[in-house]
Structures are given as structure tokens and as C-alpha cells.
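Work through the exercises below with the sequence and the model open. Try each task before reading its solution.

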Amino acid sequence: MKNQNSELFDQRPIMDFDFSPSSHRGSASDANFAFAFNDSNFSDRTLRIEILPDLPGSKTGGESFSSVVDWARKRKRRREEINKDNPVDELMRREEQGLNCNVLDTEDGPVYDEEAVAMVEETPSRTGIMINDPVAEATEGNDPSLNTNSSNVLHVKTIHISSPILAAKSPFFYKLFSNGMSESDQRHVTLRIHASEEAALMDLLNFMYSNTLSTTTPSGLLDVLMAADKFEVASCMRYCSRVLRDLPMTCESALLYLDLPSSVLIAAAVQSLTDAAKKFLAGRFKDITKHQEEVMNLPLAGIEAVLSSDSLQITSEDAVYDFLLKWARIHYPNLVDRREILSSRIYRLIRFPFMSCRKLKKVLNCTEFYPDLISKLVLEALFFKASYRQRSMAVDEANVMYHRFLERAYKYRPVKVLEFESPRQQCIVYLDLKREECSNLFPAGRVYSQAFHLGGQGFFLSAHCNMDQQNSFHCFGLFLGMQEKGSVSFAVEYEFAARTKPGEEYVGKYKGNYKFTGGKAVGYRNLFSIPWPAFIADDSIYFINGVLHLRAELTIRPNDLLGD
């Protein structure tokens with residue numbers, strides 16, 4: 001006899017499993033069928049829900065939101081433990097789900113993971129559909145769909161359901177109803193869940209009719225989100241994500257959203273929630289120097305959210321590298337584990353092209369990364385520093401995800417350095433400042449470059465907005481300073497230059513020589529010999545495409561390297 005039920009589902013291409021309210025306004029999937037929920041007059045099947053005791057350590061009802069964090073981690077550990085006992089590949093489980101009950105045969109019957117699994121059970125008295133929770137195993141010799149008096153069943157709920165409504169919202173139920181029926185009179189569906197999942201499942205079923213939820217607490221919404229993921233109700237996942245995203249967020253909740261099971265995290269329906277969590281953490285720890293201890297204690301997901309930000313305020317990319325290496329040593333004390341996490345996840349957070357050449361040389365000798373990977377990253381960084389295609393490399397599609405060629409908001413501005421050992425020890429330093437950065441210096445600000453080295457000594461450049469020598473007007477000044485303090489004396493010849501229009505070549509502006517001692521600086525208060533308004537004006541000859549290009553050339557004077 002022809003299966004009449006199959007005709008109802010022959011039009012699968014038009015089913016709107018993953019509808020979006022913004023793009024399907026007025027669609028059938030968006031309709032409100034709340035009036036039909038658990039009403040036999042509008043239902044064609046009966047859903048029997050058997051409630052089982054929770055596993056030891058599982059979440060129980062009434063817990064606060066902080067407990068949900070622990071529950072989520074326990075749930076993740078529980079999933080991992082179950083997966084260890086079940087060698088079936090996750091992809092196979094997804095494909096077999098709802099279609100095949102012979103996934104893994106054991107003495108007591110099929111064993112599944114935490115995903116809901118459909119099975120067709122036949123008995124002499126009636127035929128029904130059994131949906132087993134992963135941890136609920138059938139008692140040998142008994143029909144689990146009929147065994148309501150089993151000692152492990154706490155209680156049973158029976159509700160009336162409409163298969164077209166559930167199938168329209170869920171690929172899981174679509175496959176169940178379209179492939180799991182062999183006769184038209186099969187109307188009984190049995191579902192086994194744990195007690196902690198009961199409220200969430202009822203909310204989910206109600207949502208599939210009404211497109212709304214009664215629960216508003218973070219813990220309740222997370223429960224429903226997990227249930228929606230299990231039963232593939234993408235519209236409910238989006239709904240939960242949107243409500244959670246709009247609630248006040250904390251570090252704990254943000255980390256929880258980023259630590260959901262992988263099946264949830266990869267779903268497009270929760271992308272807005274995970275993006276909001278990452279944005280919150282990146283903003284909360286934007287100035288990492290003020291929160292070093294807190295950030296050092298973050299888990300991997302939190303570290304990735306904070307350190308991937310373009311707006312991270314930190315002294316330099318060298319400091320990012322040092323910080324992440326320290327974090328990895330704390331959280332992954334075993335060298336093999338640490339090398340694996342550094343070389344698979346953490347390296348993506350480090351923007352090697354903006355590290356100093358001095359630091360890159362040290363990185364090459366680091367044994368905590370895979371050698372081939374670190375060599376490739378350092379060579380790539382050096383090529384970027386020497387390349388005229390930096391802008392195109394920065395916007396290259398392949399690099400957009402990790403922004404490895406985009407400069408952060410460093411507290412100390414990056415510099416490019418050329419070093420020469422002969423015939424004299426010399427270095428040429430290039431410092432670029434955007435017009436906006438220069439504007440922010442007014443009326444008495446200053447910005448420092450990252451350190452560079454000459455003759456084993458550390459130096460830096462600093463740009464100032466200050467008063468001229470006669471204290472009559474504001475102007476732009478540039479200074480050269482020596483980092484180390486102490487009795488070392490260092491004689492240096494220096495010259496400052498800047499690119500100018502229309503030729504856009506470097507033009508010398510100031511030169512001199514100075515015997516440095518630790519902590520001293522030398523420079524010129526009015527580098528361009530013009531007032532501040534003329535320097536910063538839109539038609540200023542010193543800004544080329546909105547950037548001020550400065551150059552400092554330092555040379556050690558012969559026989560003048562002195563030390564006490």
C-alpha cells in the first residue's frame with residue numbers, strides 16, 4: 001500500500017528549515033500555531049516523553065547562572081567521555097541519525113552519543129517510533145517504547161503533536177516523519193530525555209508552534225539552545241542567541257558562550273552571539289597592560305578573542321609574543337602540548353610583520369614552535385617589512401581572517417630599521433605617523449616609537465607638540481632618546497629628515513651630534529620651523545596621503561664608544 005504520509009513530505013525543496021524572519025517575512029514557517037500546541041484536534045501524532053534521572057554531576061533545575069558555567073563544562077566533559085566509549089565518527093552519526101538504528105551494535109543494543117537518535121521499534125501490539133537519548137539504553141529483552149514502569153523512568157509526559165509543523169522547523173523531525181514510518185497508522189513517538197532537559201524540551205516544542213519562548217533567564221535560554229541544537233531547530237537557536245546577546249554580558253557569560261560544544265559553535269545560527277562575546281572580551285581587556293593578571297588566567301577561547309583584536313592597546317607586537325609565550329607555559333606546562341597549541345592556534349594571534357627585527361631573530365631560535373612554521377613566519381615578516389606591496393598584502397583576502405598584516409593600536413609606534421656594521425656602525429630608522437595621530441598630540445601630547453638598537457644600546461624617537469623656543473606658538477618637535485640609564489656614554493651623529501611634496505623625497509631638516517648618557521634625549525622643538533596650524537593643515541607639504549614620513553639616521557662616531 002502506498003504510504004500516504006510520504007506524499008505530505010514529497011515537497012522537501014520548499015521546506016523552510018532555516019528561515020530568517022528578516023528575509024522570509026510572512027512565510028509559513030513564521031506563522032503562529034500556538035493554538036494547536038498539544039491539541040488533539042490539530043495533531044496527527046502523540047509524543048510520549050520519558051523522563052530519566054540525571055547523571056551524577058549534571059545540572060539540576062533552579063541553579064543560578066554562575067552554576068550554568070560549571071554545568072556547561074561538565075556537559076562538555078560528559079560528551080567527551082561518551083565519545084570515548086563510542087568510536088562512531090561524528091559525521092556518520094549525523095548521517096545515520098533518524099535513518100539507521102545499526103550504527104554500533106552492542107550486547108544491550110545500539111549505543112549513541114549525545115545527539116538524539118531515531119529508531120523504528122516494532123512489537124506485536126503496536127508500532128511506534130523511539131527516540132533515545134544517548135545515555136538511555138534499552139533494557140535487554142524489553143521494548144523501551146512500552147516500558148514506562150522501568151525503575152529508571154521518573155515520570156512520563158504525553159502531548160499531541162503535528163508532524164507538518166515540527167517537520168517544517170526541524171530537519172531532524174522531517175527525516176523522522178518522512179523516513180521512519182512504514183505504515184500510515186504509526187502515530188506514537190517516544191522520546192527519552194534527562195530530567196534537566198525536560199523544561200528546555202517543552203519550551204522548544206512550544207517555540208516550534210509559536211516562535212517565542214517563555215523563559216528569559218540566561219540558564220534557561222542556554223538549555224533551550226542546547227536542545228535546539230540537538231533537534232536541529234535553527235530558528236530557535238537564532239532566537240536564543242539574539243536574546244542572550246541582548247542581555248547584559250559578563251566575562252563569565254562571554255566565556256561560556258565561546259565554550260559551548262563544537263556542534264553549537266559551528267552553527268551559523270549562533271554566530272551573532274559568539275561575535276558579541278568576542279567583542280565584549282576584546283573591549284573589556286582592550287588595554288591589556290592594565291589587566292595582565294586577569295588576561296593571563298583566561299582560557300584559550302578568551303585569549304583568542306582578546307588577542308585577535310585590532311584595537312588591542314599594548315606596547316608593541318614584541319610584547320604580544322612574550323605575553324602569549326608566558327600564557328602558553330602556564331596553561332600548557334607539557335612541552336609537547338605547548339608546542340602543539342602554539343603552532344596550531346596561538347601563532348595566528350601574533351602579527352609577526354610588526355615585531356622588531358631584533359625580536360624576530362630571537363623567535364627563530366625558539367624551540368616551542370614547530371621549526372618549519374616559525375621559519376616561514378619570520379621570513380614572511382621580513383619580506384613584508386622590505387616590500388613595497390604592504391598595503392595590498394594587508395587587504396589580501398587570504399589574510400583577512402587573522403589580520404596578520406594589519407597594525408594594531410600600539411602604545412609605542414612601530415619603526416622600520418636598516419642596520420649597517422661597516423664601514424661604520426649606523427642605522428636608518430623610519431617612523432610613519434598618521435594625520436589623526438599628529439592631531440591628537442595638540443596641545444602638549446607626545447608619542448614614542450618602539451625601541452631600536454645601535455652598538456648594543458637601545459634608542460627611541462619621540463614626536464611632540466610643544467611651544468617653540470620663545471614660547472610664542474605651538475609647533476611639531478622630534479627627539480632622539482637613549483633607553484639605558486647608567487654610566488655608559490655614547491657619541492652619535494644624527495640627522496632628521498621628512499618626505500615633502502611635491503617630489504615626495506626625504507629632505508633633511510636637522511642634524512647634529514650628541515654624547516648620550518642613559519635616559520637623555522636630544523632633538524629639535526620646531527622641526528619644520530612653522531607654527532602648528534600650518535604643519536597640520538590640509539594643504540601641508542609634509543602629509544602624503546594622510547601620513548607624515550619621518551627618518552632618523554644615526555651613526556656612531558669613530559673611537560667615541562666610551563664606558564666607565
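A polar contact is a pair of N or O atoms within 3.5 Å; within protein, one must be able to donate a hydrogen and the other to accept it, and residues adjacent in sequence count only if both atoms are side-chain atoms. The model is predicted, so local features need pLDDT of at least 70, side-chain atom pairs count only at pLDDT 80 or more, and totals for chains, interfaces and linings use all residues. Residues are numbered from 1 along each chain as its sequence is written, and side-chain values use heavy atoms, with hydrogens and water left out.

**Exercise 1. Helix α15**

Find the residue that caps the N-terminal end of α15, then list the buried residues of this helix and what they pack against.

Step 1. The cap is N334: one of its side-chain oxygens lies 3.0 Å from the backbone nitrogen of V336.

Step 2. Helices (H or I, at least four residues) and strands (E, at least two) are DSSP runs, numbered from the N terminus. Within α15 (residues 335-344), the buried residues are R338, I341, L342 and S343. Buried means under 20% relative accessible area, exposed over 50%, partly exposed in between (1.4 Å probe, protein chains only).

Step 3. These buried residues pack against α13 (300-307), α14 (317-331) and α17 (371-386).

**Exercise 2. Packing of α8**

Describe how α8 packs with α7 and with α11.

Step 1. Two packed helices are described by the angle between their axes and the distance between the axes. Axes are lines fitted to C-alpha atoms, for helices over the stretch in contact, and angles run from 0 to 180 degrees between N-to-C directions.

Step 2. The axes of α7 (residues 218-230) and α8 come within 9 Å and cross at roughly 155°. Therefore α7 is roughly antiparallel to α8; angles over 145 degrees count as such, under 35 as roughly parallel, 65 to 115 as roughly perpendicular and the rest as oblique.

Step 3. On the α7 side the contact uses P218, L221, L222, V224, L225, A228 and D229, and on the α8 side C236, M237, C240, S241, V243 and L244. By class there are 11 nonpolar, one polar and one charged residues.

Step 4. For α8 (residues 234-246) and α11 (residues 271-284), the axes come within 8 Å and cross at roughly 20°. So α8 is roughly parallel to α11.

Step 5. S241, L244 and R245 of α8 meet S272, L273 and A276 of α11. This contact divides into three nonpolar, two polar and one charged residues. Ala, Val, Leu, Ile, Met, Phe, Trp, Tyr, Cys and Pro count as nonpolar, Asp, Glu, Lys and Arg as charged, and the others, Gly among them, as polar.

Conventions. Contact = heavy atoms within 4.5 Å.
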